[in-house]
Amino acid sequence: MSTCDFIRPARKPLTENEVPVVRLVGVTKRFGKVVANNNINLDLYPGRIKALLGENGAGKSTMMSMLAGRYKPDEGHIEIDGKVMDFSSSKEAINAGIGMVYQHFMLVESMTVAQNVLLGQTGGFFINPKEMEKRVGELAGRFGLDVAPGARVCDLSMGEKQRVEILKLLYRDSRILIFDEPTAVLTPEETIRLFEALWKMAEQGKSIVFISHKLEEVLALADDIAILRRGVIEGEVDPDCVESKADLACRMVGKEVILEIDRAPMESGKPVLEVRNLSGMGLNEVDFEVRQGEIVALVGVAGNGQKPLVESICGLRKPPRDTIVIGGKPWRRFFAESTWKRSLSYIPEDRLGLATLRECDMVDNILLTTRKGFAIGPWLDKKRASTETVGLVEKFDIRPGRIQALAWQLSGGNLQKAVLARELYREPVLIVAEQPTQGLDISATEEVWKRLLEVRAMAGILLVTGDLNEALQLADRIAVIYNGRILGMLPTSDKATPDKIGPLMAGIVEEAAV
Amino acid sequence: MLTGFKLRKRDEPWKWGALVIFLGALLISLLISAFLLEGQGKSAIDGLFILWDGSFGHVWALEGALLKAVPIFLCSLGVAISFRMQIWNIGAEGQFALGAIGATWMALSFPHLHWTLLMPLMFIMAFLLGGLWAGIPAALKLKLKVNEIISTLMLNYIAILLLDYLVFGIWKDPSSYGFPMTPKFSENARILGMFGSSVHWGVALCVAVGAAFWAFMRYTRLGYELKASGQGPRVAKYAGMPYGFLVMFVMCMSGGLAGWAGCVEVAGTTGRLEPSLMVGYGYTAIVVAWLARLEPLNIAFASFLLAALRVGVENLQLELQIPAAFGEIMEGMILLSVLAGQFFLTYKLERRKLSD
């Protein structure tokens, strides 16, 4: 989200005699030798939204997991209403009024909204569905969480599912609501509606914690901002006193960060990807090409045909004949003759489920797409693979620096660096990068951007992204997809482009733009 | 919930957890077995002593256990290779039967062939039939998306009926007084004891196959691809792996190994094909593979342990007139308590503090 065009209610100043509902006092948590949280002191007040800003791995999740009763602090304690609490399970935390909305929803897909909200509630064994829906509907209305209580969860959008999660907490009378990167799964429009609901909840006295690393959102939403860096509260700032986003970003990562990146011009060469008149699978006459040396961004609201397009280019689904040409070869021939080097690299959105093997170590994960380069007859040269992996880990600064680390142990940013390291090792001619910086902190984002710009020297890049800023920063041309159709191919050199994208994403075509 | 204790999720993995859980589960299973013995009016102390004596107390017991461990080990290795790819082959029993049939077919067709020719022929045919039998569910899975758990299980019953048909019908020994069994194999078709003992060369085969399996998974490209595609067909496709081929391959290997187990059983132990060959090694193999967490060396130990348990229970049956199902009950209990015990790999029990 690049702009926040909505009106927020006036911020209330914190009065002197306000009593915090939750206090973290000197909380420290260690995992082995790693100190995840060090001497954290934090106060949460009723009716206020506290944003917790920090990079991946800064310790945000650990801190909130302690609050939610999943971990126990090694030192320090948590006070609620001035009383020292010692949670030994998340149940106890829920009873104390703390509720958390996780990034991954925990809903029963086949049940209705009302059933999900009331699931696990104590009370009568049989509840009249009408009565159930009425109660949930009232609750939803009170907080402006628009969702039909009788609808089945599997039919809902991500935004609506999130509202159901919130309703679950509100129904339990949670007073402290923690949101772990809630906007990662939302469209810009849904994000605004979430913000409005959050303000409404704060108005009614709920204390809200909003975890994010999106600066604009934090600035627009929060009453207070706490910055967490390397397990330590780096400082608390008043959003009204923040001079610039760069200033905030700087405090978050501890060094000056350029949120913009210099894109040196690059000569474009032969086409490496040609999509010709591709229809079917939810697509409609998609037609474009990507040349070596350029980045073409594909933007659009999620679910407008990006998935089938990417999956057919990358060989996960079969497109109709003669619609896709990669590196000068028709799709079928390309995948039949596919080599590990100088070929197609796909950097998928689903890093842990598709791009890496979660239970395997770094060497095995590097081998996933490069194994043919390490094969000697039927054997695999594991020794050389280990040496190369050590080199890549060093070159891309993938932490922790051990090659024995398993994929699931890596943080999002490091995992993405590992995927990138592996895919660039293949010296591809075409790269399809899908949401390459989603969920990454600023320094990791910058790193990924830099690498992508660098590899233009050898490859053409199709960048599928929901982040308009990313598209504008990196791409030479931006293709806007709506309802399976590419509504416009806009050069970023044109000053008017940023303004044209929004309407196109919403499917509004003023003139014959194509 | 126990008062005075509470559960807490482990922050770090438990180092010796797997071993402690295994031994603990074994102990619990033995205790429950002791209660079951008492319930039948037998002395539990005597029972457990006889069980130990019959499993490990004598040379004959150890030899018996080793012999029984051979088919269990081979089947279990086969099951493990498919499980590693997350293909749930629970048809080792049927593939074992087909292997036995294949070996018998060769042994009965060419009884006068020299053993250096006949033996390889029997093993090849056993591997082929076992592998093809497992290839059916693999093809069904790939072409029609049939769940392999159900198809492999159902094929077990068909395989057993096929075996019955052969020994009751066309292969029945005319001089068996009507008993359902084939004639005894010729000497050329028998696997003999090693160094004059009753332990036959099947044990050596197990060692070789186990080492080959380990090296295959660790050092070959195909082994790596099998492991990687355990994450599912999408990951395999992403990495450019031939998922369909891998499924076929892994199932045929799996079935082939179970087939070898059948071959070793008829050629080494019984010397003929008969219905009593089917004593559930294929199912025990699943228990073993799971207990051993799919590691070849662990599979060897677990196979021996469960084989020893079988021998011990047979002894118990003779001495105390315990029903035959007792062994199966114990096997099931060990598996269930180990599986239940895995809970403690992620959670630990803590003493509740007084302040709570």
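Helices α3(B) and α11(B) pass each other in a right-handed crossing. Handedness here works like this: a crossing is left-handed if the near helix is turned anticlockwise from the far one by less than a right angle, and right-handed if clockwise. Before going on, keep in mind that this is a predicted model, where local features need pLDDT of at least 70 and side-chain atom pairs count only at pLDDT 80 or more, while totals for chains, interfaces and linings use all residues. As for labels, residues are numbered from 1 along each chain as its sequence is written, and chains are lettered from A and ligands numbered from 1 in the order in which they are written.

**Helix pairs in chain B**

Back to that crossing: α3 spans residues 59-84 of chain B and α11 spans residues 281-291 of chain B, and they pack at about 60° with their axes 8 Å apart. That angle makes α3(B) oblique to α11(B). The classes go by angle: under 35 degrees is roughly parallel, over 145 roughly antiparallel, 65 to 115 roughly perpendicular, and the rest oblique. The axes are lines fitted to C-alpha atoms, for helices over the stretch in contact, with angles running from 0 to 180 degrees between N-to-C directions. Helices (H or I, at least four residues) and strands (E, at least two) are DSSP runs, numbered from the N terminus.

On the α3(B) side, the contact includes B:I72, B:V79 and B:F83, and α11(B) brings in B:Y281, B:I286 and B:V288, among others. Contact means that the C-beta atoms of two residues, placed from the backbone, lie within 7 Å. By class, this contact has eleven nonpolar, three polar and no charged residues. For the sorting, Ala, Val, Leu, Ile, Met, Phe, Trp, Tyr, Cys and Pro count as nonpolar, Asp, Glu, Lys and Arg as charged, and the others, Gly among them, as polar.

Another pair in chain B is α2 (residues 44-56) with α12 (residues 296-320), whose axes come within 7 Å and cross at roughly 130°. These two helices are therefore oblique to each other, and α2(B) passes α12(B) in a right-handed crossing. Among the residues involved are B:G47, B:I50 and B:L51 of α2(B), and B:L309, B:E314 and B:E319 of α12(B). The split by class is nine nonpolar, five polar and two charged.

**Sheets in chain A**

Chain A has an open sheet of six strands in the order β6-β7-β8-β3-β9-β10, with mixed pairing. Its edges are β6 (98-101) and β10 (232-237) of chain A, each pairing on one side only. Neighbouring strands in this sheet are turned by 20° against each other on average, ignoring direction. Helix α5 (residues 158-171) of chain A packs on the sheet, where it touches β6 and β7 (176-180) and makes about 170° with the direction of β6(A). Helix α6 (residues 188-203) of chain A lies across β3, β7 and β8 (207-212), running at about 150° to β8(A).

There is also an open sheet of four strands, ordered β12-β11-β14-β15 (chain A), with antiparallel pairing. Here β12 (283-291) and β15 (329-330) of chain A are the edge strands. Helix α9 (residues 306-313) of chain A lies across β11, β12 and β14, at about 55° to β12(A).

The table gives some of the strand pairs; two strands pair if DSSP finds at least two bridges between them.

| Strand pair | Sense | Bridges |
|---|---|---|
| β3(A) and β9(A) | parallel | five bridges |
| β11(A) and β14(A) | antiparallel | three bridges |
| β11(A) and β12(A) | antiparallel | six bridges |

Zooming in on residues, A:K50 has A:D224 in β9(A) as its bridge partner. A:L273 stands opposite A:I326 in β14(A). A:E274 is bridged to A:E289 in β12(A) and stands opposite A:V325 in β14(A). The hairpin of β11(A) and β12(A) has two residues between the strands, and A:M281 there takes a positive phi near 55°.

**Domains and the chain interface**

Chain A is divided into domain 1 (266-343 + 428-443 + 456-514) and domain 2 (354-425), with bounds from an automatic or database domain assignment. Their C-alpha centres lie 27 Å apart. Eight residues of domain 1 of chain A are in contact with eight residues of domain 2 of chain A. The domain 1 side has five nonpolar, one polar and two charged residues.

Between the chains, 19 residues of chain B are in contact with 22 residues of chain A. On the chain B side, β1 (5-9), α8 (221-229) and α9 (233-238) each supply at least two residues. That side has seven nonpolar, three polar and nine charged residues.
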